[in-house]
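Here is a chain to read through in questions and answers. Please look it over before the discussion begins.

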Amino acid sequence: MAFRVWTSELRRALSGEVTRDFKPLVGDVRELARRLASERDREARGGPWNPSRLRSTLTTHLEGERVIILANREPYIHDKTPTGVRVLHPASGLVTALEPVMRACSGVWVAHGSGSADKETSDARGHVKVPPGEESYSIRRVWLSDAEENGYYYGFSNEGLWPLCHVAHARPVFRAEDWEHYVRVNRKFADAVCEEVDTEDPIILVQDYHFALAPRMIRERLPRATILTFWHIPWPSAERIGICPWREEIISGLLGSSIVGFHTREHCNNFIDAVDTFMESRIDREANAVVQGARRSLVRPYPISIEWPVHWLEELPSVAECRASVRKELGLPADALLGVGIDRLDYTKGIEERLQAVDELLSRYPEFRGRFTFVQLAAPSRTKIARYRELNDRVEALADEINARWGKGDYRPIILLRSHHEPPTVFRYYRAAELCYVSSLHDGMNLVAKEFVAARDDELGVLVLSQFTGAARDLTEALIVNPYDLGQAGDAMAAALRMPEDEQRERMSSMRRMVSEFNVYRWAGRMLVDAAEVRRRERVSGRLSAPAVLARAMGS
């Protein structure tokens with residue numbers, strides 16, 4: 001009876017007859033609708049998000065200022081080879097997202113100089129203009145000793161924070177000496193950022209878990225800076241972050257930011273809960289902000305994406321030509337069915353579960369034996385860490401086991417290509433495949449899924465996507481699976497291989513519209529506009545408070 005009365009009142013409220021009990025709810029709904037309509041109007045006036053619109057946004061809101069990015073990974077690595085120096089593009093979702101932004105905006109990218117030829121290709125202060133031949137922005141390379149890299153990067157960042165933030169059943173390891181290196185290296189990079197600024201209130205984008213302390217350190221030297229920190233991996237629950245012995249320092253460091261960004265609202269909520277649990281602060285839940293003294297740190301979701309259109313596709317042949325060339329390279333017949341996975345060799349990516357799902361597919365669906373081949377492009381990653389080396393061995397052994405079970409003659413159901421692959425090669429494989437399986441066990445977003453969609457201008461191919469990725473919230477027309485449920489994943493791959501072309505086109509065209517509209521330029525534009533608004537308010541607040549400060553000083 002009570003439920004019927006409640007639903008009746010709700011229907012009356014939604015139809016326009018606002019009742020007393022539902023008046024707050026209706027107000028909230030109307031405010032949400034107003035904000036969404038306002039955003040749609042702004043989007044319509046501005047046109048599609050692209051490099052030109054991003055540059056225009058920067059000019060309008062930030063008066064054309066350059067942007068400074070702090071990230072551990074550099075977008076271009078110079079390596080020595082027997083034939084000379086070659087330029088490599090790291091296998092990094094962060095680089096994939098941010099590099100087009102820097103080409104559009106210009107500025108300075110502060111990063112670890114890790115290439116064997118990085119020093120000889122940089123000037124005395126570690127600067128090099130990139131991209132080669134275009135030179136639209138600069139990299140400022142910071143040099144680390146082996147001890148610093150081992151402690152800060154391999155130790156605290158990737159044996160501590162990485163497993164702490166990913167629910168992938170790996171125990172985090174925290175060592176006091178690693179923490180000491182993490183603090184020193186964060187200070188070294190924060191100092192490098194401060195050396196690159198040319199105004200009192202610059203816009204600085206700090207990227208990811210490698211630099212949790214840097215925002216506070218930069219704030220100490222540049223109190224008027226607008227610092228936007230984006231955390232690219234999941235932020236765990238307050239209970240889980242409590243495992244870290246230096247949880248307060250990590251959270252305090254991030255709260256040096258003007259804005260702290262995450263991929264999803266859930267990660268924002270987890271961060272606010274962690275602040276509420278471990279820090280002395282006031283939580284403004286209506287504004288999603290943390291207030292400490294006179295400083296507010298906004299907490300915002302910014303779902304990351306990729307460039308659109310992808311510039312790597314400009315020089316690639318047609319889908320049909322990619323299909324033929326890839327099958328020839330792999331020694332497959334022209335009518336072979338091909339699945340593809342593109343990953344760093346990382347235990348969070350579910351590569352073992354992915355190969356086991358292929359095994360399940362061939363066990364349940366004999367029609368695909370001898371016809372279906374799954375090729376895994378796996379870039380070696382963090383090989384100084386034992387669990388990564390062990391993963392490499394397990395993946396190789398599993399591929400051999402599955403090939404022994406189902407292989408016959410020249411047929412191998414699993415082809416494992418363990419090496420670094422440049423973007424043109426990666427996109428050729430996307431275009432050649434019938435399906436792409438992204439099986440992450442926990443992932444903040446996963447840009448491989450969006451790259452596959454962007455690569456398929458023929459609107460064919462099927463994306464099989466883990467429910468534990470942020471991308472699953474965006475790409476709802478993919479076949480969403482639980483990667484731990486091997487039977488479900490095998491069934492999804494069978495459904496993908498059997499899917500009629502008209503259904504493939506319907507699903508793919510919808511996902512392509514989403515990726516094209518919500519691309520990386522929109523992601524960066526939203527962040528920069530929010531940063532500009534924060535800076536504008538702080539400038540006004542500073543002007544208003546100055547007379548009061550002067551009056552108090554004179555009165556004393």
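User: How many helices and strands does the protein chain have?
Analyst: This is a predicted model. Of the 556 residues of the protein chain, 56% count as buried. Among contacts between residues at least 6 apart in sequence, 74% join residues at least 24 apart. The secondary structure comes to 19 helices and 18 strands.

User: Which residues have the most contacts inside the largest nonpolar core?
Analyst: The largest nonpolar core has 97 residues. Apart from it lies another core, of 80 residues, among them Leu-377 and Val-520. In the core of 97 residues, those with the most contacts are Ile-218, Trp-235 and Phe-271.

User: What does Trp-235 touch, not counting residues up to four places away in sequence?
Analyst: Trp-235 is one of the residues with the most contacts inside the largest nonpolar core. Its partners include His-267 and Asn-270. Also among them are Ile-241, Ile-250, Ile-251, Leu-254, Phe-262, Phe-271 and Ala-274.

User: What is the separation of the C-alpha atoms of Arg-140 and Leu-70?
Analyst: Arg-140 lies in strand S6, residues 137–142, and is buried, with a relative accessible area of 11%. Among the residues it touches are Trp-109, Arg-125, Glu-195 and Glu-196. Leu-70 is 70 residues apart from Arg-140 along the chain, and their C-alpha atoms are separated by 9.5 Å.

User: Which strands stand at the edges of the open sheet of six strands?
Analyst: The order in this sheet is S15-S14-S13-S16-S17-S18, with parallel pairing. Neighbouring strands are turned by 20° against each other on average, direction ignored. Two strands each have a single partner strand, so one side of each is left without a neighbour in the sheet. These edge strands are S15 (414–417) and S18 (479–481).

User: How many residues of strand S14 are buried?
Analyst: In a regular strand the side chains alternate between the two faces of the sheet. Phe-372, Phe-374, Gln-376 and Ala-378 point one way from S14, and Thr-373, Val-375, Leu-377 and Ala-379 point the other way. Both sets are buried. The count for S14 is eight of its eight residues.

User: What is the bridge partner of Asp-343 in S14?
Analyst: Strand S13, residues 337–344, runs parallel to S14, and eight bridges join the two. In S14, the partner of Asp-343 is Ala-378.

User: Which residue in S17 is the bridge partner of Cys-436?
Analyst: Strand S16 (residues 435–438) and strand S17 (residues 462–466) run parallel, joined by four bridges. For Cys-436, the partner in S17 is Leu-463.

User: Are helices H11 and H14 roughly parallel or roughly perpendicular to each other?
Analyst: H11 (residues 319–330) and H14 (residues 423–432) pack at an angle of about 105°, with their axes 8 Å apart. Angles of 65 to 115 degrees count as roughly perpendicular. The two helices are therefore roughly perpendicular.

User: How do the residues of the contact of H11 with H14 divide into nonpolar, polar and charged?
Analyst: From H11 the contact includes Val-319, Cys-322, Arg-323 and Glu-329. From H14 it is made by Arg-428, Tyr-429, Arg-431 and Ala-432. The residues divide into six nonpolar, one polar and five charged.

Note on methods:
Residues are numbered from 1 along each chain as its sequence is written. Side-chain values use heavy atoms; hydrogens and water are left out. A nonpolar core is a set of buried Ala, Val, Leu, Ile, Met, Phe, Trp, Tyr and Cys residues joined through side-chain atoms within 4.5 Å. Buried means under 20% relative accessible area, exposed over 50%, partly exposed in between (1.4 Å probe, protein chains only). Contact means heavy atoms within 4.5 Å. Two strands pair if DSSP finds at least two bridges between them. Axes are lines fitted to C-alpha atoms, for helices over the stretch in contact, and angles run from 0 to 180 degrees between N-to-C directions. Angles under 35 degrees count as roughly parallel, over 145 as roughly antiparallel, 65 to 115 as roughly perpendicular and the rest as oblique. Ala, Val, Leu, Ile, Met, Phe, Trp, Tyr, Cys and Pro count as nonpolar, Asp, Glu, Lys and Arg as charged, and the others, Gly among them, as polar.
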